[in-house]
Amino acid sequence: MSEQTQAPGRTARRVVVVGAGMAGVQTAVALREQGFAGDVTLIGAEPHQPYDRPPLSKAVLLGKAEGSAFDVDFEALGIELRLGREVLGVRPGDHELDTAAGPVPYDLLVLATGAEPIRLPGTEGVPGVHLLRTLDDAERLRPVLARQHDIVVVGAGWIGAEFATAAREAGCAVTVVEAADRPLAGALPAEVAAPMTAWYAAGGTTLRTHARVERVESGSVVLDDGSRIPAGAVVVGVGARPATAWLKGSGIELGAYGEVVADDHLRTSAPDIYAVGDCVSFPSGRYGERLLVHHWDNALQGPRTVAANIVGETPEPYDPVPYFWSEQFGRFVQYAGHHASADTLIWRGDPAGAAWTVCWLRETRLIALLAVGRPRDLAQGRRLIEAGTRMNPELLADPARPLKTAAA
């Protein structure tokens, strides 16, 4: 990425943030917390007060909460909200956004538009086919669960498992169909994902692998082997892509997945424009590759770096240890790090049991771990990853030993 000049915060009077999810809200709040005194405008495509997404797949879906609005007093912070406003494009040379309601000028711009769910081809407009990404999605699905329909979930990833868990809790019959040979095929190695297969049956959910959807008809899902599964509703959870189509033609560099390409301070290829959250990739010195992280914690941490840059500080390069969690089938699953370059895998505990951990090492340094029902392992392991600590593999394999005491 070429060298560029960002306007210092003390001369920038107008910061505009596009996207009112976690990353956008936290950027606006961090600007105020770090002393930015200029105008801050937060633009959101949805009409709702900005809200958090994780509760959508359980509390909101099951009617235990009406919403998940952020507990932020935007007015008191002097943050202008422009909600229900679609952004159509950006002209970096003019320092202007194009919106459905007219142009919006900026001195500094932060892109925080997140990711959008991938739709199942051929299902656009088909009645009974749902996504689960927005508050409106959750509200449309709530009565479906209340009526205890037979539900087919397409995709055995994190969101598919979480939705299946909620649907079973609501009393629905649930079948999950997955094109790959196992759950979480794109996220975890086969030997790590294998124990999770049994969770579905134990939770009263039917899991069908090697199952590709041919088409969705009224009341059923037809697979490519000709079999037909009854479906009062279909929920699609086959992944997400960066919500960046509106940036085409702007000159802002996009990567292989359509994400905004940023440097290690989350600056884009265009002057005075930053990007944060699910829509951006950044180079990780820790892992030696560019990371595109679609998780809540990344949307919480990145804004602090962006705000510090805007107010004129010189923060450390943005290089977090990725982290996320998932609650599914009565289990609390946590992951920290990035295991792609690991050369050693070590188990702590029996994967057939209720609690176990997998650790990934590279040259004896802990670089990632997955903890099921072992939050202490996760908390200690995350710190060890951040520190680049060398581990003793034999000590690490003993689940009775605190993870932090297995350092070499």
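# Exercises on helices, strands and side-chain contacts

Just after helix α4, Gly171 takes a positive phi of about 95 degrees. Helices (H or I, at least four residues) and strands (E, at least two) are DSSP runs, numbered from the N terminus. The model is predicted, and local features need pLDDT of at least 70, side-chain atom pairs count only at pLDDT 80 or more, while totals for chains, interfaces and linings use all residues. Residues are numbered from 1 along each chain as its sequence is written, and side-chain values use heavy atoms, with hydrogens and water left out.

## Exercise 1: a helix and its surroundings

Task: Compare the span of helix α4 with the expected span, and find which of its residues are buried.

Solution. Step 1: the expected span of a helix is 1.5 Å times one less than its number of residues. Step 2: α4 covers residues 158-169, has 12 residues, and reaches 17 Å from its first C-alpha to its last, which is close to the 16 Å expected. Step 3: a residue is called buried under 20% relative accessible area, exposed over 50%, and partly exposed in between, with a 1.4 Å probe and protein chains only. By this rule nine of the 12 residues of α4 are buried, and the helix is mostly covered. The buried residues are Trp158, Gly160, Ala161, Glu162, Phe163, Ala164, Thr165, Ala166 and Ala167.

Task: Decide whether Ala170 is buried, partly exposed or exposed, and list its contacts beyond its neighbours within four places in sequence.

Solution. Step 1: Ala170 is found in the loop between α4 and β11. Step 2: because its relative accessible area is 21%, Ala170 is partly exposed. Step 3: contact means heavy atoms within 4.5 Å; with neighbours within four places in sequence left aside, Ala170 is in contact with Leu62, Leu145 and Gln148.

## Exercise 2: a strand with partners

Task: Find which strands join β16, and how the side chains of β16 point.

Solution. Step 1: two strands pair if DSSP finds at least two bridges between them. Step 2: β9 and β16 are joined by two bridges and run parallel, and Val129 has Val234 as its bridge partner in β16. Step 3: strand β10 (residues 150-154) is joined to β16 by four bridges, again in parallel, with Val153 standing opposite Val235. Step 4: in β16 (residues 233-236), Ala233 and Val235 point one way, Val234 and Val236 point the other way, and all are buried. In a regular strand the side chains alternate between the two faces of the sheet.

Task: Follow β10 to β11, and say how many bridges join them.

Solution. Step 1: five bridges join β10 to β11 (residues 173-177), and the two strands run parallel. Step 2: the bridge partner of Val154 in β11 is Val177. Step 3: four of the five residues of β10 are buried, so that strand is mostly covered.

## Exercise 3: aromatic rings

Task: Classify the aromatic pair formed by Phe282 and Tyr318.

Solution. Step 1: rings of Phe, Tyr and Trp (its six-membered ring) pair if their centres lie within 6.5 Å; planes under 30 degrees apart count as stacked, over 60 as edge-to-face and the rest as tilted. Step 2: the structure holds nine aromatic pairs. In the pair of Phe282 and Tyr318, the centres are 5.0 Å apart with 65 degrees between the planes, and the pair is edge-to-face. Step 3: the pair links distant parts of the chain, 36 residues apart, with Phe282 in strand β20 (residues 280-284) and Tyr318 in the loop between α6 (296-310) and β22 (323-328). Step 4: both Phe282 and Tyr318 are buried.
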